[in-house]
Amino acid sequence: MDISVETDKQGRSRVRYEKAGWNFWEWQGHRVHYITAGTQGPPVLLIHGYGASAYHWRYQIPALAQHYRVFALDLLGFGWSEKALVEYSSGGLWGQQIGDFIKEVVHAGGASSSSSRSSSSEQVVLVGNSLGGYACLNAAVKSPELIRGVALLNSAGPLQDSDAPELAEPLPVPWYGGIRDGLTAVVKRVVLYFAFQRAKQPERIKEVLQMVYSSNDTIDEDLVDSIVVPASDPSAAEVFYRINSSKAPSVSVNQLLKQMRGSRLPLLLLWGDLDPWITPKRADRIQQLYPEAERVRLQSGHCPHDDTPQEANAALLEWLEPAVYAYRTHATSQSQLTRQLQDSCSGHPQLTLVNEAPFSDMFEDAKGQTKFEGSALALLQGKAWVAFDNMFALARLPADMDSSSSSNSNGDEPVLIGQPAASSQYEALTYDSSTGRLLVVVEGVDTGKGIMPYVHELAVQAGSAGAALVQKCPVNFKLASANKGFEGAHVFKGKDGGRYLLGLCEGNFCSSGEKGRRPGNGRLVVTKFNGKAAGAGCAWDYVKTLNISSAAYFEDYSDIAVSGNQVAIISQASSALWLGSFDFDAFAFAPGKGSVFDFPRTDKCNVKYCNVEGIAFLGADRFLVVSDKASSSLSFFSGVPAISPVDRCHVCTLGKPATLR
């Protein structure tokens with residue numbers, strides 16, 4: 001049955017209430033209810049909390065259905081689903097129900113004849129509130145191959161070493177918990193029976209909703225009725241008793257999160273900070289257990305999706321885009337990095353390799369060097385300049401590599417400039433057209449006042465095979481560690497005439513450790529040159545920090561390239577490229593998600609280019625890319641799938657990007 005959409009008194013779209021429910025599916029001999037909407041896009045499955053139903057997602061279903069195929073499921077024993085007299089195993093039963101629903105209903109295209117049929121391997125994003133969040137965690141652990149991400153809204157479940165309640169409080173009866181233990185079975189049954197009879201009264205339901213919502217705006221007759229009707233089932237009181245007296249062992253949230261981290265699933269904590277039952281302390285604890293989790297705090301109560309629906313919808317849609325298209329790049333080992341989604345590997349278009357060559361074959365005089373760890377690129381006067389983080393030397397190369405040679409048509413051979421020595425920590429390279437200098441950024445230096453990046457300015461002349469050091473100046477931005485500093489840089493002239501530098505942090509949040517590996521939290525630091533000479537305190541002073549689009553859902557960030565207002569940012573751990581636009585007058589990224597491209601994968605979707613370190617634009621859709629360590633090379637890429645060895649110089653081009661919403 002298709003949904004009907006109405007607007008509430010505040011003009012917000014929502015599902016029109018149907019007292020008889022919507023669609024039904026038979027599971028293990030029991031009648032199970034669900035709602036579905038949307039005909040295109042990846043599937044999203046919504047799971048309600050204790051005492052509620054699929055209708056509790058009335059504000060989310062129309063909003064999400066514009067971009068996704070949406071399903072809202074009634075857990076067995078709740079809503080319009082059968083009040084089955086079974087053993088309710090504290091999450092395990094519902095976790096199994098969710099997995100089977102995905103395989104038998106979602107993958108079959110749902111109830112609507114207009115819904116597109118899913119692949120049997122298509123993964124689903126789970127969104128759960130309260131007890132539904134605990135059920136989602138159980139499902140993600142039971143059937144990780146079916147799940148693409150999990151969003152928890154004030155989620156419940158047994159949580160060790162926390163002040164938060166061990167189980168979600170039932171929506172209508174927040175006071176019954178203390179009577180569960182220490183009573184005989186007969187007394188407990190009687191007490192819970194009378195508790196249930198009181199709890200299902202409309203006046204009591206409304207009273208409890210008002211207690212756990214931050215506002216009364218959405219507490220209306222339809223919401224109350226959607227709780228009253230299921231509670232009027234003859235078997236509802238017995239189900240209430242069985243759920244609240246179950247002796248089945250509960251799997252702790254701690255254990256579930258530990259197992260889920262093995263699958264590296266994206267996790268969102270969408271938390272109502274005004275919840276009197278499940279407080280923000282629980283979200284704090286979950287973040288400790290799952291550092292990769294993204295958290296959004298809302299000024300709402302226990303059910304943020306219905307309490308503050310517009311804010312909740314905006315947060316969900318913002319998170320869903322990278323979560324749905326993410327290919328689990330937030331893995332910490334090569335074996336995990338190769339676990340890609342099966343639909344075109346990651347869902348992103350791939351770059352196409354045009355040409356590549358190893359550095360070891362380029363130089364007539366390699367100055368005795370056999371190891372070239374290319375880390376950054378800049379274009380100057382038709383030449384590509386390459387920095388190496390393992391030596392105090394630069395390479396000058398022809399930028400217009402043809403299909404058969406590393407040299408160009410003018411016979412300009414690659415040259416290694418400088419005397420290779422110890423590790424340089426050169427990680428970023430950019431050309432300043434206002435001064436005619438190359439700026440090389442040392443990732444991080446301990447200045448005694450903290451670890452900061454350093455900018456070395458080099459004077460180069462046309463046709464010269466040399467580069468003279470002019471000055472060294474610190475960037476007044478303290479880093480978490482010396483090896484997690486600026487990995488990319490771009491210098492430009494501001495509208496005030498000043499020299500500005502964009503510094504790309506390697507780690508998410510400009511941090512290191514677990515926090516630095518939380519995908520989708522890239523940062524770009526804006527600094528301004530103070531105009532002083534080297535001996536007079538020259539420095540690049542901090543201006544502001546910018547958030548990179550969360551669509552660049554990368555574990556790390558390795559370089560930035562600019563052409564006009566177009567910006568390219570790459571990741572070595574994620575083996576991917578993000579394209580967006582930047583307003584240099586406003587120091588801000590242009591609106592929109594931008595586009596993401598993968599570097600070429602193998603025919604089995606395994607990562608090939610896992611050390612892409614530097615990038616430069618050769619045209620609107622062509623890039624020069626330098627690799628570090630394993631590949632020691634420079635390459636040329638484009639946008640059609642290609643298979644090539646990794647130990648070469650790379651040139652690539654784009655196909656038509658899959659622009660993100």
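Modeller: A residue counts as buried under 20% relative accessible area, as exposed over 50% and as partly exposed in between, with a 1.4 Å probe and protein chains only. This is a predicted model, in which local features need pLDDT of at least 70, side-chain atom pairs count only at pLDDT 80 or more, and totals for chains, interfaces and linings use all residues. Residues are numbered from 1 along each chain as its sequence is written, and side-chain values use heavy atoms, without hydrogens and water.

Colleague: How many of the 15 residues of helix 2 are buried?

Modeller: Helices (H or I, at least four residues) and strands (E, at least two) are DSSP runs numbered from the N terminus. The buried residues of helix 2 include Trp94, Phe101 and Val106. Helix 2 is largely enclosed by the rest of the structure, because the number of its residues that are buried is twelve.

Colleague: Which strands stand at the edges of the open sheet of eight strands?

Modeller: Two strands pair if DSSP finds at least two bridges between them. The order is 16-17-18-19-23-22-21-20, with mixed pairing. Each edge strand has a single partner strand, so one side is left without a neighbour in the sheet; these are strand 16 (426–432) and strand 20 (486–493).

Colleague: Which residue in strand 10 is the bridge partner of Trp271?

Modeller: Strand 9 (residues 267–272) and strand 10 (residues 294–298) run parallel, joined by five bridges. In strand 10, the partner of Trp271 is Arg297.
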